[in-house]
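Here is a short report on one protein model. Please look over the sequence and the fold first, then read on.

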Amino acid sequence: MNGNSDARFAIITGHALWLRCGFEDATLVDDAVQLAWDGDATPGDPQPVMDTRGAGLAFGPGCRLYHSVPFDARIECLYWGGYDPAHPQRALERFDVIGAAPAPVGGDFTPATPALGGFVPRALACDDDDHLYVLDDASGRVCVFDLPARRLLRTVSVPAGAEDIAWHNGWLYGLSSGVLWRMAANRGVRMLDADLTPIAAPARLDVLADGRLVVLSAAHGVDAALWCYTRRAGGHWQEEALALADEVIDFASDLAIQQEDDGDEQIVVARRPGEDFVRIDVASRLPGVPLTARGYDGMGIIATPDGRIAYWTERGLRHAVVARRRYRPQGRVIAFRLDAGDYQSVWGRVLLDACVPHGTALTLHVLASDDEDEVPRVPRTPPVGGVLAALPEPDATPLPPQHWLPPADLRGAPVFRRSDGSEQPWPAPDEFATVEGSAGASAGRYLWLVLELLGSSQATPRVRTLRAEHPGHDWLRRLPQLYRREEATRDFLTRYLTPLAALHDELALQSAMRHALLKPAAAPTPMLPWLAMWLGLTLDERMSETARRTLLLEAIPFFYRRGTPASLVRLLEIVTGVPVQIIERWRFRGLGQVGASDDGVRERAVVGFGWRVGGQAGAEAGLEDADAATQAYAAYAYRFAVVVQGALTGEMEALVRHLLEVHRPAHTVYELCTVGAGMRIGLGLHLGMTSLIGRSAGFKPFAIGGAVGRGSTVGRPGGGIKPGLAPLGQGRLQ
């Protein structure tokens, strides 16, 4: 008895397809639909911002955070790296780096006097060379301070009405009334070819990882909006308004770019004190989970090096946390028309990849029809918090007829969680489980679904993927016609036989696809250790998935050559992803050595007068000790160095050493050299082997308690000054 081996699926997944659906009290977060939430979790009414010009926050090298205090004419610094998550209430020690207060004796910095009369520091930015850029509100200039040297490098006049600055990829970008510009520590101001006329009252600026500029306009008002500027060919910057619901960023006071662990970016918008921060996903342009910021002073926010959002309060620095959301009790997602391609098709299972917490539920309303009439249809509505996006070919995915839409209080058919997981042959483990429903026995080319989400104020179901099977099983046709005469009987038996037919088809699919388990490139990730077991190979979890698959693919040739230099080189190149070379010391004894020998002896190779490896064996005129050559060979011939032409993390270096211990010949001794170990100059320098031309790991700043000279330096190189441009001390060099 056969099920339906030709079954296919109509799928709704991903941001673009979900936006073609209609949303009622539901939203879209991380490509999954869920219930929307209401209001702010913070108690009390929002407070007004006393100083709408704001203050500056900027991170410099060494995890130092700089904060401007405008009306005190000073800039203070605190060691953000000393923040203890176990005791977040402990205030970090802070001290002035620019201002009129006297310097503490023995402190790290000596505060400089205000650079200009009436110094009012606003926005701040810091580059990788410890240059602090200060936007002086009093003079309309940018002051460039060299923090380690404790001196003012220069002051630069910028376009009038300067509002904000941001550092990105070697440039300081600035926002003024009607113009965008950029500069650097030793470069003048250059205007950007950008049109700011559509923007009313530009106020704040930040930069995305790909170089796009994000501008906040009409800050502290109900007309606040976000704009994105993208650089086009020819140097022109094209503006684009980020479409959001009107109330999402009302009274916005500042913005920051937050990097997620998966590489996605969020635009975090701060509003008034007492209101949650809004997070907007850059890819989907939809609001995400908000952040709570208790005690926010309304003067500015910043993204921390570890990906969090920090802000200032009257007690000092604090970090925003995920807000407690109050979800709506129920919502619906109205799917667009799914097409089976054939009229009178009998639809089968409806499978959902969903997360259904305790106390929540999912139900389905189903309609199958062959009707293509242009009847009034349900209007498409955006997710809560978003706006109606323009779609290509919207007529290809119409919503269901208006007269069919079930009322909100009518519950649909329940779905159940599959005990054996996904219907895929070998699914990868995931936090989303597979739940299943049935389309019943109704036939039709087109299928419409209404997905109903039921939750509580603290929990919501989430659905990432919807799959509708077509055609369904044909087991009912194999029974006597008596069992399908009446519609109620036909519908019941169709639903009753669906799980059995589905199990049969899934087992058949696993059997037909079992050959994929033996292919390293096609095998599911959870099956890779099982496949390696058949080859006598143990896969380390520290390897990337690509490295594990490549190693399985080349396992048989690797075992043929195991222990040879070529096999070790290939193994390490697969694992590290960078070129690797093995240098045997005896080959270079006459030229130098890689690494250091235990006894410090450097022998010269002898070429000619018979074959010898190593140093001088016996006297120059003959061999007084016949075993000297053998002893020299035994002492040096089996030592080798592994040169990895890249920087390794601590975990990767430990993995490389482990692989060398397991796969090198037992009678050898090795040394591991990486780019981070530096370059030897002299007899041991071999260009392209032990030394590479290009950017290396560089030097690290010296920290108290460390060793000076091996990778660490005291101080840093200083940039030169230019006559007429760079001030020396408080004066100018003419």
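Predicted model: local features only at pLDDT ≥ 70, side-chain atom pairs only at ≥ 80, totals over all residues.

Where does Trp 534 sit? Trp 534 belongs to helix H3, which spans residues 528–534. Is Trp 534 buried or exposed? Trp 534 counts as exposed, because its relative accessibility is 61% and the cut-off for exposed is over 50%.

## A five-stranded sheet

Another feature is an open sheet of 5 strands. The strand order is E18-E22-E21-E20-E19, and the pairing is mixed. Strand E18 (193–194) and strand E19 (202–207) are the edge strands. Each of these pairs on one side only.

How do E19 and E20 pair, and over how many bridges? Strand E20 covers residues 213–217. E19 and E20 run in the antiparallel sense, with 5 bridges between them. Within E20, Leu 213 is the residue that stands opposite Val 207.

## The whole protein

The protein has 734 residues, and 47% of them count as buried. Its secondary structure comprises 8 helices and 47 strands.

The accessible surface of the protein is about 37,100 Å². Carbon and sulfur atoms account for 54% of that surface.

Definitions and conventions. Residues numbered from 1 in each chain as written. Heavy atoms only, no water. Helix = DSSP H or I, 4+ residues; strand = E, 2+ residues; numbered from the N terminus. Buried < 20%, exposed > 50% of the residue type's maximum accessible area, 1.4 Å probe, protein only. Pairing = 2+ DSSP bridges. Areas by Shrake-Rupley, 256 points an atom, 1.4 Å probe, with all protein chains shown as cover.
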